[in-house]
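Subject: Model for your attention, with notes

Dear colleague,

I am passing on the structure below, together with some notes on what was found in it. Please read them with the model open.

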Amino acid sequence: MQAVHASSQMSAVRGPKSLAGAREDQPVVIVIDDDDLVRTMLHSLLRSVGFATRCYGSPQEALHAPAPDVPGCIVLDVRMPQMSGFELRERLKERGWHIPIIFMTGHGDIPMSVKAMKQGAIDFLPKPFRDQDMIDAVATAISRAREHWDDREQHAVLQQRWQKLTPREREVLQGVTRGLLNKHIAAELGLAEITVKLHRASMLRKMGVRTVPDLVRSWTALQSRTLAS
C-alpha cells in the first residue's frame with residue numbers, strides 16, 4: 001500500500017470527536033497531533049475499520065480531557081509545540097491514563113525509537129506511514145488494552161467478593177490456600193473443626209468458586225494485581 005497522505009480538501013479535526021452511534025464497548029483510539037491534516041486522515045482511516053476516535057490538536061487539550069471509559073489506545077505525535085509526546089505520555093500516566101501508546105513522528109531517529117520502546121510504546125511509526133502499518137499497530141494496542149481491561153474488571157469482582165468475607169472467613173481462606181486441612185486450620189485458629197467447615201462453605205460461596213484449585217487461582221490473581229497496583 002502507498003504511504004498515507006491527508007487531502008488538502010479534508011476538513012480539520014478539532015477537539016474530541018463525538019462517539020455517537022458507537023457501541024458502548026467499542027474501542028476508542030485517541031489521536032494527539034498538532035497537524036490538522038494528520039488528525040483528519042487518522043480519524044477517517046481508523047473510523048473506516050471500526051474504531052471510534054477522539055482527536056486532540058495539542059497536549060493541553062488531551063490533558064483536560066477525561067480518560068476513556070472503554071478499552072483504547074493513544075496515537076501520539078512525538079514533536080509538538082510546548083510539550084513533547086514523551087512528556088505528555090508521562091503527564092497522562094500521572095493522571096491515570098494507563099493505556100497503550102503508538103508514537104509517530106516525521107523526524108525520527110534510532111535514539112528516539114529506542115526511547116519510545118523503553119517507555120512501553122506498542123510501536124514507533126515514522127511519517128509518512130502505510131495505512132496497514134497504522135491499522136496493525138492500533139489492532140495490537142487495542143488487543144493489549146482489552147486484556148488489561150478484562151484483568152481490571154476481574155480484579156474488581158474478586159475485590160468485591162473479598163470484601164464480603166468476614167474476618168474469620170478470610171483466615172480460613174488463607175489456611176485453605178496454604179493447603180491446610182480443616183482440622184489443621186481449626187487447631188491453628190482455636191476453633192472446632194465443624195466451625196471451620198461452616199466458615200469454609202460460606203467463604204467458597206461468597207468467593208464464587210466450588211473447588212480449592214479455583215479458590216487458589218482467584219486468590220493468586222487477587223494478590224498479584226493488588227501487589228502490582
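Predicted model: local features only at pLDDT ≥ 70, side-chain atom pairs only at ≥ 80, totals over all residues.

Residues are numbered from 1 along each chain as its sequence is written, and side-chain values use heavy atoms, with hydrogens and water left out.

The chain

The protein chain has nine helices and five strands, where helices (H or I, at least four residues) and strands (E, at least two) are DSSP runs numbered from the N terminus. Read from the N terminus, the elements follow the order β-α-β-α-β-α-β-α-β-α-α-α-α-α. Of the 229 residues in the protein chain, 41% are buried; buried here means under 20% relative accessible area, exposed means over 50%, and partly exposed lies in between, with a 1.4 Å probe and protein chains only. The chain exposes about 12,500 Å², of which carbon and sulfur atoms supply 51%; these accessible areas come from the Shrake-Rupley method with a 1.4 Å probe, and for residues only the protein chains shown count as cover. Among the contacts in the protein chain with a separation of 6 or more, 67% are between residues 24 or more positions apart, a contact being heavy atoms within 4.5 Å.

The nonpolar cores

In soluble globular proteins, nonpolar side chains tend to be buried together. A nonpolar core is taken here as a set of buried Ala, Val, Leu, Ile, Met, Phe, Trp, Tyr and Cys residues joined through side-chain atoms within 4.5 Å. The largest such core has 22 residues, and those that touch the most other members are V29, L42, V75, I102, M134 and V138. At least two residues of this core come from each of β1 (28-32), α1 (36-48), β3 (72-77), β4 (101-105) and α5, and α5 supplies the largest share, six residues. Apart from this core lies another, of 20 residues, including A62, L76, I101 and F103. As for V138, once its neighbours within four places in sequence are left aside, V138 is in contact with V29, L46, F51, C73, V75 and I102.

Helix contacts

Two packed helices are described by the angle between their axes and the distance between the axes. Helix α5 (residues 131-164) packs against helix α6 (residues 167-177) at an angle of about 120°, with the axes 8 Å apart; the axes are lines fitted to C-alpha atoms, for helices over the stretch in contact, and angles run from 0 to 180 degrees between N-to-C directions. The two helices, α5 and α6, are therefore oblique to each other, given that angles under 35 degrees count as roughly parallel, over 145 as roughly antiparallel, 65 to 115 as roughly perpendicular and the rest as oblique. In this contact W162, Q163 and K164 of α5 meet E169, R170, L173 and Q174 of α6. Its residues divide into two nonpolar, two polar and three charged, with Ala, Val, Leu, Ile, Met, Phe, Trp, Tyr, Cys and Pro counted as nonpolar, Asp, Glu, Lys and Arg as charged, and the others, Gly among them, as polar.

Helix α6 also packs with α8, at an angle of about 90° and with the axes 9 Å apart, which makes α6 roughly perpendicular to α8. On α6 the contact is made by R168, E169, V172, L173 and V176, and on α8 by V196, H199, R200, S202, M203, K206 and M207. By class, there are six nonpolar, two polar and four charged residues in the contact of α6 with α8.

Single residues

Not counting residues up to four places away in sequence, R200 touches V172, V176, N182 and V212. A201, with a relative accessible area of 45%, is partly exposed.

Two loop positions deserve a look at the backbone. The peptide bond from K127 to P128 is cis, with omega near -5°, and P128 is found in the loop between β5 (123-126) and α5. Q82, which is not a glycine, has a positive phi of about 75°; Q82 is found in the loop between β3 and α3 (85-94) and is exposed, with a relative accessible area of 74%.

With best wishes
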